[in-house]
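Student: Could you take me through one part of this structure slowly? I would like to look closely at a single chain and how it meets its neighbour.

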Amino acid sequence: METATLVERMRGILGAEGVISEHEQLRTYECDGLMSYRVVPRIVVLPETADQLQRIVQVCYEEGIPFVARGSGTGLSGGALPHEEGVLIALARMREIVEVDIPNQRVIVEPGVINLWVTQEVAPEGYYFAPDPSSQLVCSIGGTVAENSGGAHCLKYGFTTNHVTALEVVLPDGEVVHLGSKAPDPPGYDLLGAFVGSEGTLGIATKVTLRIVRQPETVKTLLAAFPTVDEAGAAVSEIIASGIIPSAAEIMDSLSIQAAEMAVHAGYPEGTGGILVAELDGPQAEVDHQFGEVERICRENHATEVRVARDEEERVVLWKGRKAALAAMGRISHDCYLQDSVVPRTALSDVLKKIAALSDEWGLRVANFFHAGDGNLHPLVLYDERIEGESEKAHELAGQIVLACLEYGGSITGEHGVGEDKKHYMPKMFTENDMNTMQLLRCAFDPHGLANPGKVFPTPRLCGEVPGPYKVHPLQKAGMAEMF
Amino acid sequence: MSVSEVAQVSVEDLQSIVGREHARDASEADAVDGVAPSFVVEPGTVEEASAVMKLAHEKGLKVTPRGSGTKIGWGNPPSEVDLIVSTARLNRLLEHAAGDLVTRVEAGMKLEDLQKELAGANQMLALDPPEAGATVGGIVAANASGPRRLRYGTVRDLLIGITVVLPNGTVAKAGGKVVKNVAGYDLGKLYTGSLGTLGLIVETIWRLHPIPETSRTVVVEVESPEEAGAAVQSLMHSTLVPTMIEVHRPESNGATVAALIEGIEPGVLAQSVSALELTRLHGDARVLERDEVAGFWRDALKTPWDESGVGLKIGALPAELPNILQLVSDAAERNGLTPRVTGHAATGVTLVGLSGGDDEGYAAMVQELREIIGSGEGSVVVVQGSPELKRKVDAWGAVGDSLPLMRRVKGRFDPGALMNPGRFVGGI
């Protein structure tokens, strides 16, 4: 279909203001939060209703046009990177909070609703939405669902997948289906569970039913400074071994501390090599007791200073350095490349040593800040793209770090998703059979491979026995993909 | 599969894969809802399981996976079964990384055996389905759960990795050994509750929890379904974090609501005092003495049906509890049946045992419940009933507009429809 005709068809559905086709305007959408990949989409459409969205997808299906859904574009793996031949479907105009049901602890929202709005909506009733990625001020629920986002507090409360109970979805063939249920244990396959975290490759959610969680009676936060990052890690292991599950346990290494110090002037003690921010929440009496234990464990592991937040204001201050760490990297490095690998918690110390050795070997600094409770590392390779070849070097070093994490039984991504950025690591973690089996699911949802094609999996694969109007896939014709 | 094609496979073929002692002709006791298989095979390794499945695939045998068989009566009667693939010998604990709160186990390991191993490190897999002797693989396949789901969730919240043998013998895994992991599709969730219709689960990886130090139980006797609902709501919306909030209604008047509070002593003590204050507004409330606790929970958590009765599992919104309790009493009375009810009240799961009637009456009751509960958000599943009853009413009830998609998923994973044909939703 000619682009002009496509624009006309889409205008017919959305009106002129819902379709973007000017090159300069299209460029606004050329990347998501991972700016090293850029593709200008053919057109951008901005539906306001589920019905419009369905009609958009129907057109794509009839014409065999790939489409990519985008929420707020904060993703860090290029999951919302546009397809150059395709339609980018931006969901920012679908922002209604449809239902708040406190007695049943559910909220139903449209996909463009901002993550934090949910908590703001139910906070007066004593509730919140648990998944809290650092981007929660701006990221959308649709994106949170697509990426199965985590956050600092998922050690105790789980990920998005544990907090979504139902979805209304437009499938890649334009059909609307309801997955899951507001009520528990709907009979049938848990396609909801399969959909959450599928990174836009199985369809587009138009309505999301969320589970909300009662605010804890109390939250207590401490910041402990250690001479080394190893000692901070040992403290976390001991806390968890003692039977305490902190709601958050975040560690920063010396480079991250340096950056955070420059940004927020936290006044960390001289000679600090590792900072732990730990938080406990729950019933007062339990938290009070366990908090004493956590303090004791920190001191026994040679914490030089333990700061305890006495109120919400002080709590925010303790978190500030950690939350600022990423943004603050610009103060100590011209560029940085963020990774998101995971290792079993008990391997943290060994993996950090390995990362340090790799850093020496490649001659690039690597800062580490991580969710220590669940072993989710965010190694940050520091480099200067103005220096010839350094950008490539940084990416290669980051790749070596991912491989090191896999050696210890870890994962290539803990919360940012595979997207475009990490798909070539998939074969390092999964066998051909594993990926082919995942592809069976994909083929059931999207036999023509139109939904966010080329993401997550390294080689494009096609599904056999395709019903419907679509003909030989151009990739297959060109010998670039195999029929699956 | 016709007899002649099954006849192409002999027990010796299976024995050549797993050894003489581990494949045999099926007996009457191996029947699934009255449908008799030809053979039972017990692979001892994933490789053997794969070879068995490959053979079954080549010969077109209909396969029913089986763990301990505690839930073999779930779902609709199968249209055919040729081969039972038992995971009884796939029962090893492969790894317990205590420091990571993670364990990797073969599917045929019994949950109670696993718990004994984990308890040594003061840890547990936070699943407590009522079926004694169930294997972890069977629990995943049936998505079995118990009262602790309020605090810890169900299989989908605890399973972090899975290895399966597809109907054609291919071995595939998803997830991994780390709790936080978003690489690839979450096939663990797809297999959870799939009742053996997508393949054979052979290995599972779980996130674990520490065993709580101590507990207290708060019990409130209420007079009406409304008060039961109010008591449950008062606990749900408090800042207390009970492990379970259960409702127990052995007869059609009054009910007991009970909360189990677990944790460390100071926390448990304070929470039980608060729970008492909240619930005493709705009935006669007290904290159980230590020596009463075990006996109380044994009764309260007993599955509300016996071997001859009918068992239903209702999934509904938790705030609907009073309506559900009333509806069950009224519908049972209209159909001349005796109901017993227990439920994981704060999660919306209600278990109903029915006795004193015939299949006509049970079927009428199920239909009546489905007309009301199934028309909104909710489901009524027959988890125990005769094959005759399940021929009158589908065991699962309607699944809504995602059924065609479920059929497409089934078609991709099991194009020959060899796995447990007919037992799952919509005739899958």
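Tutor: Happy to! Let's take chain B, where buried residues make up 59% of the 428 residues. Keep in mind that this is a predicted model. Chain B is built with 15 helices and 19 strands. Its C-alpha trace spans about 70 × 55 × 40 Å along the principal axes. How does that fit with its radius of gyration? For 428 residues, a compact globule would have a radius of gyration near 22 Å, and chain B has 22 Å, so the two agree. The contacts inside chain B tell you something about the fold too: of those between residues at least 6 apart in sequence, 69% join residues at least 24 apart.

Now turn to the place where chain B meets chain A. The contact takes 70 residues from chain B and 69 residues from chain A. On the side of chain B that touches chain A, several elements each supply at least two residues, including helices α7 (155-158), α8 (187-191) and α10 (265-279). If you sort the side of chain B that touches chain A by class, you find 33 nonpolar, 25 polar and 12 charged residues.

To finish, glance across at chain A, which has an open sheet of 7 strands with antiparallel pairing, in the order β15-β12-β14-β13-β17-β18-β16. At its edges stand β15 (305-308) and β16 (335-338) of chain A; each has a single partner strand, so one side of each is left without a neighbour in the sheet.

Key. Residues are numbered from 1 along each chain as its sequence is written. Chains are lettered from A and ligands numbered from 1 in the order in which they are written. This is a predicted model: local features need pLDDT of at least 70, side-chain atom pairs count only at pLDDT 80 or more; totals for chains, interfaces and linings use all residues. Two residues are in contact if their C-beta atoms, placed from the backbone, lie within 7 Å. Helices (H or I, at least four residues) and strands (E, at least two) are DSSP runs, numbered from the N terminus. Ala, Val, Leu, Ile, Met, Phe, Trp, Tyr, Cys and Pro count as nonpolar, Asp, Glu, Lys and Arg as charged, and the others, Gly among them, as polar. The radius of gyration is taken over C-alpha atoms; the globule rule is 2.2 Å times the number of residues to the power 0.38. A residue is buried if 20 or more other C-beta atoms lie within 10 Å of its own, exposed if 12 or fewer, and partly exposed in between; C-beta atoms are placed from the backbone. Two strands pair if DSSP finds at least two bridges between them.
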